[in-house]
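This briefing looks at how two protein chains meet. Please view the structure first, then read the points grouped below.

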Protein chains: 2
Amino acid sequence: MSATPRLFVDGDLGEGCPVAMSGDQDHYLVKVMRLRAGDTVRVFNGRDGEFLATLHQDGKRNATLLAGPRTRVQAVSPDMRLLFAPLKKTRTDFLVEKAVEMGVSELWPVFTDRSDAERVRSDRLQRIALEAAEQCERLDVPVVSEAQPLAQAIIRWEPLRTLYFCDEAGDEGEAPWGGQSGRAPQLDAELAGTPRASAALLVGPEGGFSPAERNWLRSLPYVRPVSLGPRILRAETAVVAALALWQALAGDWSRR
Amino acid sequence: MSATPRLFVDGDLGEGCPVAMSGDQDHYLVKVMRLRAGDTVRVFNGRDGEFLATLHQDGKRNATLLAGPRTRVQAVSPDMRLLFAPLKKTRTDFLVEKAVEMGVSELWPVFTDRSDAERVRSDRLQRIALEAAEQCERLDVPVVSEAQPLAQAIIRWEPLRTLYFCDEAGDEGEAPWGGQSGRAPQLDAELAGTPRASAALLVGPEGGFSPAERNWLRSLPYVRPVSLGPRILRAETAVVAALALWQALAGDWSRR
């Protein structure tokens, strides 16, 4: 596709002002993207909207960008926080990329009783989130928190932020051949008629939640256990499916 | 998770009957899954439902499975055909895995003007589909067709099968900074009130569809161009998001 490349930058942006580039961004534009003097890129910083910028080159070494007209005004993403248990590396990377495309505003890695990893490189996931934001036309980049135990993450919870808890793998664990007992309501039914508000989504590890975690979560007043259809979805699939329903029914896909 | 392992088999299944295993399935059960005599697996063949089966071992070499009680009766997946343009290898693999989890009934790889690959190993994708079906608790395995050009795939189309055509990347190509002209309706709006019926979804390559393809697709009476929110989704993300909405609003997530 021939769309103008898009770059997240740290500094302030304004028409006619030079664009401050960090680290190796100038190198990236010239050596990786192979842009030349006069070529344009789109730049955004999460605050000032998006601008068209033109590359100026001083000899072979110094590339600078000059911001031209603003192409989009800043928009705020719906307030959707994703809590997810780390998975194996490739699947965690996919989960983060997909969550950014699907418009989450914050990413909170949480350790659960059965989560696969004991360590999460949040800086690495933040870079994946940034690249996904550049690619999917977002105007902001969701922040990836440091990983923490699930209990610590939700001990001081805003009471008005509903936490949708994908409880399907857990049910499966207890009734391995399709038992329907204790089945949580479908997310789409739970969302029908929901006013637009702050929300959060909790998706567990491949092994599901432990019985103790499930009982504890279900006892919390702001937690809503939900199902996502009759099949068992992998964690990264559940993230996209749940966010599609939430964005369509209560987020920024709807025109309400 | 301690759920009983699940295995797709070719032969007929019935309580008390031996389970015919193909290829290296006996090897897989004993050497990879490390099952021993008396251990149980669940088996399904896409026709007879799911059975609990017990491993019998004759010396070290011959493992046989004997079917016990039926654990689930056969269910038919909603009739949703996915047409997708091949992507780079890992993303195609993910797309197929996700589509199976999300309950498609057929997978049709199609070549488009801008698709990345010139060759598709349908047998490889079929194996990925089978493993995803085993993992996600499906009772059937969707068939992966041989790849064919898009025009050939839809030249003899069933007129009552609506083809939802994800048209977002195309719009992006024409109006690279957020122009909304010609924006297709949101899929969820398009699906509201739709009766349960055969349907299909078409998701293009990373580069989107060519202007000629878009014009042609939009001219076909059974094609509905649809959007999936304000961000540009990668192909494999679009597959999950669109199928989540379809399954919730017109497929087997809803209780209508």
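In this predicted model, D252(B) and R231(A) form a salt bridge, with their closest N and O atoms 2.9 Å apart. D252(B) lies in the segment after helix 8 of chain B, while R231(A) sits in the loop between strand 12 (223-226) and helix 8 (235-249) of chain A, so this pair joins two chains. The points below set the pair in its context.

**Salt bridges and polar contacts**

- Over all chains, the structure holds 50 salt bridges.
- Between chain B and chain A the count is eight salt bridges.
- Another salt bridge links E97(B) with R91(A), and here the closest N and O atoms are 2.7 Å apart.
- Polar contact is found for 18 residue pairs across the interface of chain B and chain A, counting pairs with both residues at pLDDT 80 or more.

**The side of chain B that touches chain A**

- At least two residues each come from strand 4 (50-58), strand 5 (62-72), helix 2 (89-101), helix 3 (122-136), helix 5 (168-174) and helix 8 (235-249) of chain B.
- Helix 8 of chain B gives the most to this side, with eight residues.
- Sorted by class, this side of chain B has 20 nonpolar, 10 polar and 17 charged residues.

**Extent of the interface**

- The contact takes 48 residues from chain A and 47 residues from chain B.
- The size of an interface is often given as the accessible area lost when the parts come together.
- Chain B and chain A bury about 4,300 Å² between them, and 61% of this is on carbon and sulfur atoms.

**Helix 2 and helix 8 within chain B**

- Helix 2 of chain B packs with helix 8 of chain B at an angle of about 10°, and their axes are 9 Å apart.
- Angles under 35 degrees count as roughly parallel, and helix 2 and helix 8 of chain B are therefore roughly parallel to each other.
- From helix 2 of chain B, R91(B), L95(B), K98(B) and A99(B) meet A235(B), E236(B), V239(B), V240(B) and L243(B) of helix 8 of chain B.
- The residues of this helix contact divide into six nonpolar, no polar and three charged.

Notes. Residues numbered from 1 in each chain as written. Chains lettered and ligands numbered in written order. Predicted model: local features only at pLDDT ≥ 70, side-chain atom pairs only at ≥ 80, totals over all residues. Heavy atoms only, no water. Contact = heavy atoms within 4.5 Å. Buried area = accessible area lost by both parts, 1.4 Å probe. Salt bridge = Lys/Arg side-chain N within 4 Å of Asp/Glu carboxyl O. Polar contact = N/O pair within 3.5 Å; in protein donor to acceptor, adjacent residues only side chain to side chain. Helix = DSSP H or I, 4+ residues; strand = E, 2+ residues; numbered from the N terminus. Nonpolar A, V, L, I, M, F, W, Y, C, P; charged D, E, K, R; others polar. Axes fitted to C-alpha atoms, helices over the stretch in contact; angles between N-to-C directions. Parallel < 35°, antiparallel > 145°, perpendicular 65-115°, else oblique.
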